[in-house]
Number of protein chains: 2
Amino acid sequence: MRDFSQDHRWLSINTATVRKQQGAEVPLATIIDQCAERGIRAISPWRDQVAAAGLDATARQLRAHGMELSGYCRGGFFPAADGAGLRAALDDNRRAIDEAKTLNAACLVLVVGALPGALGGTPLYTDITRARSEVFDGIAASLEYARQVGMPLAIEPLHPMQAADRACINTLEHALDICDALDAQKTGALGVALDVYHVWWDPKLQAQIARAGKERLLAFHVCDWRLPTRDLLSDRGMMGDAVIELKKIRQWVEAAGFEGYAEVEIFSALDWWLRPGQETLDTCIARHRSVV
Amino acid sequence: MRDFSQDHRWLSINTATVRKQQGAEVPLATIIDQCAERGIRAISPWRDQVAAAGLDATARQLRAHGMELSGYCRGGFFPAADGAGLRAALDDNRRAIDEAKTLNAACLVLVVGALPGALGGTPLYTDITRARSEVFDGIAASLEYARQVGMPLAIEPLHPMQAADRACINTLEHALDICDALDAQKTGALGVALDVYHVWWDPKLQAQIARAGKERLLAFHVCDWRLPTRDLLSDRGMMGDAVIELKKIRQWVEAAGFEGYAEVEIFSALDWWLRPGQETLDTCIARHRSVV
């Protein structure tokens, strides 16, 4: 396993972690500068942040800092109420792929979606099997374009508590079944984004990570699972503050061949988003060295 | 599949559903009377409620009403910081088995526990593999006594969002692996309590229910998954108000041979626990007929 204790060359910051600082939204350009000042070599930004900052301006700023993208957030949300909705989702994913390519991202992360409308509180249907079928078809269609462009797609299995509204792929095993069906040759065009927050509880995690192997492990996200967890979306903990066995999971991931960044992704409306971004970033660096 | 639309003979009420009425704790004896008045033939009470009401008094009241127990809540919480804690947990489970026997329960439901101390916010260790090993040993030891007494043990896989603090068995597959290891002959001494709230999201649910079969399906719990879910423990929905495909899952369970009660278990600090118990029970009856 790589030694992270001496530096933070393998630290990446998902920009959601510091998108709010002291309670206020912060522009992506500021976040990039804050990361660059600290010698952080990679980030993973969100589409809405990039849109606000401008795609080309963001690409220039990243090049100027020599900064990489460990991933781009996000494509997905494939299920829809009708054919027009399904087509619109595919179009939107095509644009996301293009943006990821412009930014030279390592992969486009897919939060695949679930029951359409559920995120707004009113699901248009409740048949999760149908949603999974639409997700499968959506990934298949997007993959065709992503292969042409040369942008790997990374399916992110989300925690089962988000199965109704955000992603109906909820285990690494399920994600890998889809990868095997759509990319049997393990070309690297399709894989997974493994976020410890979503999968740490899974008794099959070690075996499925080994099954994934280097070709399928396209991204690795870290944070921690707080006790108690006060919100299903935005109460993630800082690495080392709670119960996830980070080093153990990283060991499994690296034993499978993963050599990329450990990307910090912390949604924390009640804690870290209220603090100065400098404090959050400095803590990420310290914890990356000590507990990741 | 059985026709539930004409009556509610297969409805059971987990007493947690009405343990608070209009915000106030209600004695078990009152709940039993409220259920009996409505022709509800079965309940599943909690140990603390039974202790407060008196074990023998509760047994007498149930007999007087000809009321059955679809289960008894609950044993489990096996992991502990040290040997003394592990032994204390086994002793406590032995008492729970005896109580279940006195009340002639169909099974003792096991919420198996997870990282010891986590429920109080301070886990004494974070090694979930160790917790799972202690759970396995605890079930094995308790099963030996339960077999002598003749009280079936029902492992309840809990939702993965409760993996750290309440139960580190989080899928039906995992629960059945343990059943197969400890009761390969499917004697009926060990099985599962299947609560739709915990397992509805699982892409392997149908297959694992078929695997479980009649011998392993000892209890079936219903409620619904609210959008949004505002609390990880106590924000369950009334059947039919949200996204769980209740009839589909009951069909799978009955196809596997289950013929017991559909037990309503709703923890709802923000809604149903604030209403009159009569309203909650009448709604359970109506929804049992229409959507379960």
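Student: Which residue stands opposite S12(A) in β11(A)?

Tutor: In this predicted model, S12(A) has E263(A) as its opposite number in β11(A).

Student: What makes β1(A) and β11 (residues 262–264) of chain A a pair of strands?

Tutor: Two strands pair if at least two bridges are found between them. β1(A) and β11(A) have three bridges, in the parallel sense, so they qualify as a pair. Strand β4 (residues 42–44) of chain A also pairs with β1(A) in the parallel sense, over three bridges, and there I13(A) stands opposite I43(A).

Student: Which residues of β1(A) are buried, and on which sides?

Tutor: L11(A) and I13(A) are buried on one side of the strand, and S12(A) and N14(A) on the other, so that both faces of β1 (residues 11–14) of chain A are covered.

Student: What makes β6 (residues 72–76) of chain A a mostly covered strand?

Tutor: Five of its five residues are buried. β6(A) pairs in the parallel sense with β7 (residues 108–111) of chain A over four bridges, and in that pairing L110(A) is the bridge partner of G75(A).

Student: Turning to chain B, what is the order of the strands in its open sheet of nine?

Tutor: The order is β5-β4-β1-β11-β10-β9-β8-β7-β6, and the pairing is parallel.

Student: Why are β5 and β6 of chain B said to stand at the edges?

Tutor: β5 (68–69) and β6 (72–76) of chain B each have a single partner strand, so one side of each is left without a neighbour in the sheet.

Student: Which helices pack on this sheet, and which strands do they touch?

Tutor: Helix α4 (residues 83–102) of chain B touches β6 and β7 (108–111) of that chain, with its direction at about 160° to that of β6(B). Helix α10 (residues 277–290) of chain B touches β1 and β11 of chain B, and its direction makes about 140° with that of β1(B).

Student: How do the axes of α1 and α3 of chain A cross, and why is the arrangement called roughly parallel?

Tutor: The axes of α1 (residues 28–37) and α3 (residues 55–65) of chain A come within 11 Å and cross at roughly 10°. Angles under 35 degrees count as roughly parallel, so α1(A) is roughly parallel to α3(A). The contact is made by L28(A), A29(A), I32(A) and A36(A) of α1(A) with T58(A), Q61(A), L62(A) and H65(A) of α3(A). By class, that contact comprises five nonpolar, three polar and no charged residues.

Student: Why does F77(B) count as buried?

Tutor: The threshold for a buried residue is 20 or more other C-beta atoms within 10 Å. F77(B) has 20 C-beta neighbours inside 10 Å and therefore counts as buried. F77(B) lies in the loop between β6 and α4 of chain B, and has a positive phi of about 45° although it is not a glycine.

Student: Why does N104(B) count as partly exposed?

Tutor: A residue is exposed with 12 or fewer such neighbours and buried with 20 or more, and partly exposed in between. N104(B) has 13 C-beta neighbours inside 10 Å, so it counts as partly exposed. N104(B) is placed in the loop between α4 and β7 of chain B; its phi, near 60°, is a positive value in a residue other than glycine.

Student: And what makes D33(B) partly exposed?

Tutor: D33(B) has 13 other C-beta atoms within 10 Å, and is therefore partly exposed. This residue is found in helix α1 (residues 28–37) of chain B.

Student: What is omega for the cis peptide bond that joins L227(A) and P228(A)?

Tutor: Omega is about -10° there, and P228(A) lies in the loop between β10 (217–222) and α9 (246–255) of chain A. In chain B, the peptide bond from L227(B) to P228(B) is cis, with omega near -10°.

Student: Why are the two copies said to be related as by a two-fold rotation axis?

Tutor: Chain B can be laid on chain A with an RMSD of 0.0 Å by a turn of 180° and a shift of 0.0 Å along the axis. The two copies are thus related as by a two-fold rotation axis. The same surface serves both copies, since 100% of the contact residues of chain B recur in chain A.

Student: How many residues of each chain are in contact with the other?

Tutor: 24 residues of chain B are in contact with 24 residues of chain A. On the chain B side, the residues divide into 14 nonpolar, six polar and four charged.

Conventions:
Residues numbered from 1 in each chain as written. Chains lettered and ligands numbered in written order. Predicted model: local features only at pLDDT ≥ 70, side-chain atom pairs only at ≥ 80, totals over all residues. Helix = DSSP H or I, 4+ residues; strand = E, 2+ residues; numbered from the N terminus. Contact = placed C-beta atoms within 7 Å. Axes fitted to C-alpha atoms, helices over the stretch in contact; angles between N-to-C directions. Nonpolar A, V, L, I, M, F, W, Y, C, P; charged D, E, K, R; others polar. Parallel < 35°, antiparallel > 145°, perpendicular 65-115°, else oblique. Least-squares fit on C-alpha atoms with pLDDT ≥ 70 in both.
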